[in-house]
Amino acid sequence: MELGIVGLGRMGGNISQRLMRAGHRTVVYDRNDAAVHSLADKGAAASSGLADMVAKLSPPRAVWVMLPAGKITETTVAELGELLSQGDTIIDGGNTFYKDDIRRARELAGRGITYVDVGTSGGIWGIERGYCMMIGGEEEAVRRLDPIFATLAPGIGTIERTPEREGCDPRAEQGYIHAGPAGAGHFVKMVHNGIEYGLMQAYAEGFDILQSKNSDHLPEAERFDINVTEVAEVWRRGSVVSSWLLDLTAIALAKDGDLSAYQGEVEDSGEGRWTVEAAIEQAVPASVITASLYARFESRRHHSFANKLLSAMRAGFGGHVEPKTPGVIPQPVDKPAEVKVQEHERET
C-alpha cells in the first residue's frame with residue numbers, strides 16, 4: 001500500500017522504514033529537512049509540505065500523523081482536512097486525547113474524509129519488534145488499511161498462544177485490534193499508559209526497598225547489601241513479575257548500578273492524568289494509577305533511587321530524556337506549548 005507520514009521523530013521515521021522494508025510506499029514530510037532527506041535516502045518519497053505530500057499520493061489517500069498531542073497535531077489535521085478529498089483517511093498515531101478524536105471524526109465526516117485514531121505502543125524499539133496498536137474508527141476504513149497495520153504489528157512471534165481463543169478476532173494475536181469507533185483506540189491506549197505508570201512505580205519502589213536495605217537506620221544484623229543488578233536479572237528468568245519493563249530495568253542497572261546518569265526527575269506526558277480523569281468520570285476506583293501519577297509530581301522535588309529507575313525505564317522504552325532544568329514542573333498538557341514537528345512523540 002501507499003501511506004503519507006507526517007512527523008519523522010523517534011517513531012514516525014521508524015514506522016516509515018518498517019513499512020518500506022515490507023514493500024509499502026511511503027511519502028514523508030517533516031519540518032526537519034534532514035529527517036526527510038534521511039528517509040528519502042532509504043527509499044521514501046520526500047515532500048516539501050503537506051500539499052506536496054497529498055499531491056504525491058494516489059486516491060484514496062491515507063496520511064498518518066505522528067506528532068506530539070496538542071496544537072501541532074490539531075493544526076496538521078485541520079490543514080490535511082482542507083487538502084484531502086472524499087474517501088481519503090487521516091490517521092492520528094500519536095497520543096491524542098480521545099475526546100478530541102471524537103470531535104475531529106465528526107468534523108471530517110462532513111467532508112467525506114474518514115478519521116482513524118491509532119494508539120501506538122512500541123517506542124524506539126518498534127522498528128524491529130513491531131508496534132502494538134489499538135485502533136478506533138469506521139470498520140470499512142480500518143479494514144482498508146489492514147495491510148498497513150498488519151505490517152507494523154509484531155505478529156504472533158514466539159509468544160505462547162492463549163487457550164480457548166477460537167472464534168475471537170485473530171488480529172489481537174498479531175498485536176493490533178479494532179477497539180471501536182473514533183476515539184476508542186486512543187482511549188484504550190490512554191488506559192494502557194495509565195497502567196504503565198502503575199507498573200513502573202511498583203518496580204521502582206520495590207528496587208528502592210532492596211537498594212536501601214543496607215541503611216544506617218536499620219539494626220546492623222538486619223542490614224543486607226543487596227545487589228539489585230543481579231536481582232533484576234534473576235527476576236527476568238522464570239519469575240511471575242518478569243516483563244519488558246523488567247528487561248529494561250535489568251539493562252539500565254547492568255550498565256550503571258547506581259543509575260548515576262539519572263537525576264530522577266520524572267515527567268508525566270498526559271495519559272496518566274487523562275486516565276485518572278476518566279476514572280473519576282466513570283466512578284471507577286484507580287488508586288494505584290492515581291498514586292503513581294502523584295509520585296511523578298513528587299519526583300520533581302525529591303530525587304530518589306526509585307525515581308532514577310523510573311527515568312531509566314522511560315529512556316529505555318521511549319528514548320525519553322529528563323528535563324534539562326531540575327525542579328521545573330512541565331505545564332499541564334491541556335494547554336500545550338507550541339512545538340515543532342520534529343520534536344519527540346509522547347510516552348509510548
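Predicted model: local features only at pLDDT ≥ 70, side-chain atom pairs only at ≥ 80, totals over all residues.

Biologist: Strands, then. Is β7 mostly enclosed or mostly open, and why?

Modeller: Largely enclosed by the rest of the structure, because 4 of its 5 residues are buried. The strand covers residues 132-136.

Biologist: Which way does β6 run against β7?

Modeller: They run antiparallel, joined by 5 bridges. β6 covers residues 114-121. S121 stands opposite C132 in β7.

Biologist: And how does β7 run with β8, parallel or antiparallel?

Modeller: Parallel, with 4 bridges between them. β8 is residues 176-180. There, G180 faces G136 as its opposite number.

Biologist: Switching to rings. How many aromatic pairs are there?

Modeller: The structure holds 8. One of them is F149 with Y176.

Biologist: What's the geometry of that one?

Modeller: Tilted. The centres are 6.4 Å apart and the planes make an angle of 45°.

Biologist: Which parts does the pair tie together?

Modeller: F149 sits in helix α8, residues 146-152, and Y176 in strand β8, so the pair links parts that are 27 residues apart in sequence.

Biologist: Are those two residues buried or exposed?

Modeller: Both F149 and Y176 are buried.

Biologist: What about clusters of rings? Which residues form one?

Modeller: F97, Y98, F187 and W274 form one aromatic cluster.

Biologist: Which charged residues lie over a ring face?

Modeller: R129 lies over the face of W244, 4.0 Å from the ring centre.

Biologist: Now the surface. Which residues make the nonpolar patch?

Modeller: V234, W235, V240 and V241. The patch is about 380 Å².

Biologist: Where does V240 lie?

Modeller: In the loop between α11 and α12. α11 is 228-235 and α12 is 244-255.

Biologist: Why do you call V240 exposed?

Modeller: Because its relative accessible area is 83%. The cut-off for exposed is over 50%.

Biologist: Last one, A254. Where is it, and is it buried or exposed?

Modeller: A254 is in helix α12. It counts as exposed, at 59% relative accessibility.

Biologist: How far is A254 from V241?

Modeller: 18 Å in space, C-alpha to C-alpha. In sequence, A254 and V241 are 13 residues apart.

Technical notes:
Residues numbered from 1 in each chain as written. Heavy atoms only, no water. Patch = residues over 30% accessible without salt bridge, like charges linked within 9 Å, V, L, I, M, F, W, Y side chains within 5 Å. Areas by Shrake-Rupley, 256 points an atom, 1.4 Å probe, with all protein chains shown as cover. Salt bridge = Lys/Arg side-chain N within 4 Å of Asp/Glu carboxyl O. Helix = DSSP H or I, 4+ residues; strand = E, 2+ residues; numbered from the N terminus. Buried < 20%, exposed > 50% of the residue type's maximum accessible area, 1.4 Å probe, protein only. Pairing = 2+ DSSP bridges. Phe/Tyr/Trp six-rings, centres within 6.5 Å; stacked < 30°, edge-to-face > 60°. Lys NZ or Arg CZ within 6 Å of the ring centre and 35° of its normal.
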